[in-house]
Structures are given as C-alpha cells and as structure tokens.
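Visitor: I have not looked at this one before. Can you walk me through it?

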Amino acid sequence: MSAEYAIDGSKIKTRAGEISYSVIRGRYTKLYFDDWNELSITTANPVIDNVNQIIARHIRWIESNSVKLRDKVKLVNANGILHMGMRHSAHFAYGADGVEIIGNTIFVSGKDKERCARNLIDFIANESETECKRIAEELKVSMNVEFSQIRMLNASSMWGSCSHSKTIKINSLVCMLPKDLMRYVVCHEMAHLKHMNHSKSFWKEVMNVCPDYAILDKKLNTYDAMRINANDLVRLHVDGSW
Ligand SMILES: [Zn+2]
C-alpha cells in the first residue's frame, strides 16, 4: 500500500481519514497517539519542514496505528472515563482531596486540576487493587492455587503478568473494564500459576472457572490497554469553574 496523504494545518489527511497532530519540543524524536487518538510528535527541531519529513518517514506507522486505535474502546476519551465498563463524565472541583461516584458522574476534588487528576488515578488504582484481591481470594479456592502476592502494575500496556515467584501483577487500570473482563484478567494470570504458557492444559484451567473465556479474551482485545496519564485526565474536565 503506497502512502498517499496530504498535510493540512494540524491535520494529516489520509485515505483512511483525518489524523490531528500536535508538535512538542523535546530532545528525541518520538511519536505517539494520546487517548483522544491525536498524534503527538516530539522533536528537537519543530520547524514545519522537519515535522513534514518526520511525518513522511513514519506515515505507514501513523496510518496503521490510527486505524487500529479507532476501533478500540478507549479507557478515557472526550466523553469521560470508564469505571466497571461504564462511561462516566468527570467533574473536577476545588476542595479537599476526594473522589465520589454518583450515577454516571465521577466527582473529584483537590487543590487544583492536576491534583484532581492525580486523585482520580489513585482512586482507580485503589479500586483495582481491592477488586483484584477479592477476586483472587475467591478464585484461589476454586482453582486450588497459591500465590505469594498480588501487586498492581502502573503505567503498563499489559493487563497482567505472572512470575515464577508466584507474584501476580495486574494493571492498576483494570477496574475500568467491565466486571467479567476484570475477573477474566485475574483468572488468566492465576491459571499461569499452574502453567507458565498458553498450552491446552492452561486454557482448560481457565475454562474450569471461566467457561466464556474465548469470548472474554476477544472482548478484552477490543479495549485499548494504553496507559493513561494525568495530563490526559486534566482534559476530561470541561466545566469552567477553575
Ligand atoms: Zn497469558
């Protein structure tokens, strides 16, 4: 496929659609898509000619990733943040540190927007940890496995991992997923305590406690496991009370 595209202001027009981009000055050339599917280009030399050359060099990567990301369910997007699979709008307000969910809104307070974003990330991580530990305690009995500890993975694009020392690590954003997927993630890693591979025996182990595992595994892949960062969460807040 030959890359045919045109650059128009802050947009790259490709056959697959328009991709917005922004340019940031930084030491190394780096390209990534943020939670709004906007391309961010970091370069030491942010003049138009150089940026155009970077785009030309990476156009295939840009196009294919943009298409891939468009089909994924984003944990955070312009409409809000997922919690247990439900999209919630975020409301940030000045006040003592706190997070509360009422209906489809997450109310976050803190001394400034950045602190609110931090409080929200911490809240998600705490919920994930509590939920995962609860699920693991339940599965431990039915799967007849022992683990040494459960830890949270921060800023990872993996949903989970399991080590030879029987430590299970689960992504700290896991409580943003629907409950059945969260349970599947924990179940998958716990099955690795018995089989450190994806063999038939491994899947059989998973199936014993998670009969829908094949559907769940497919469903999990529709979620974008991309890391979220505080800067992106700050953008969630739309009301002008600051
Ligand atoms: Zn696995």
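Guide: A definition to begin with: two residues are in contact if their C-beta atoms, placed from the backbone, lie within 7 Å. In this chain, residues 24 or more positions apart account for 49% of the contacts with a separation of 6 or more. Keep in mind that the model is predicted.

Visitor: OK. How many helices and strands does the chain have?

Guide: There are 6 helices and 13 strands.

Visitor: And what does the C-alpha trace span?

Guide: About 60 × 50 × 30 Å along its principal axes.

Visitor: What percentage of the residues count as buried?

Guide: The chain has 242 residues, and 26% of them count as buried.

Visitor: Which domains does the assignment give?

Guide: The domain assignment lists domain 1 at 5-70, domain 2 at 76-120 and domain 3 at 127-220.

Visitor: How far apart are the centres of domain 1 and domain 3?

Guide: Their C-alpha centres are 36 Å apart.

Visitor: Switching to helices. At what angle do α3 and α5 pack?

Guide: Helix α3 covers residues 179-191 and helix α5 covers residues 213-220; they pack at about 105 degrees, and their axes are 10 Å apart. Angles of 65 to 115 degrees count as roughly perpendicular, so α3 is roughly perpendicular to α5.

Visitor: Which residues make that contact?

Guide: From α3, D180, L181 and Y184; from α5, Y213, L216, K219 and L220.

Visitor: What classes are they, nonpolar, polar or charged?

Guide: The contact of α3 with α5 has 5 nonpolar and 2 charged residues, and no polar ones.

Technical notes. Residues are numbered from 1 along each chain as its sequence is written. This is a predicted model: local features need pLDDT of at least 70, side-chain atom pairs count only at pLDDT 80 or more; totals for chains, interfaces and linings use all residues. Axes are lines fitted to C-alpha atoms, for helices over the stretch in contact, and angles run from 0 to 180 degrees between N-to-C directions. Helices (H or I, at least four residues) and strands (E, at least two) are DSSP runs, numbered from the N terminus. Angles under 35 degrees count as roughly parallel, over 145 as roughly antiparallel, 65 to 115 as roughly perpendicular and the rest as oblique. Ala, Val, Leu, Ile, Met, Phe, Trp, Tyr, Cys and Pro count as nonpolar, Asp, Glu, Lys and Arg as charged, and the others, Gly among them, as polar. Domain bounds come from an automatic or database domain assignment. A residue is buried if 20 or more other C-beta atoms lie within 10 Å of its own, exposed if 12 or fewer, and partly exposed in between; C-beta atoms are placed from the backbone.
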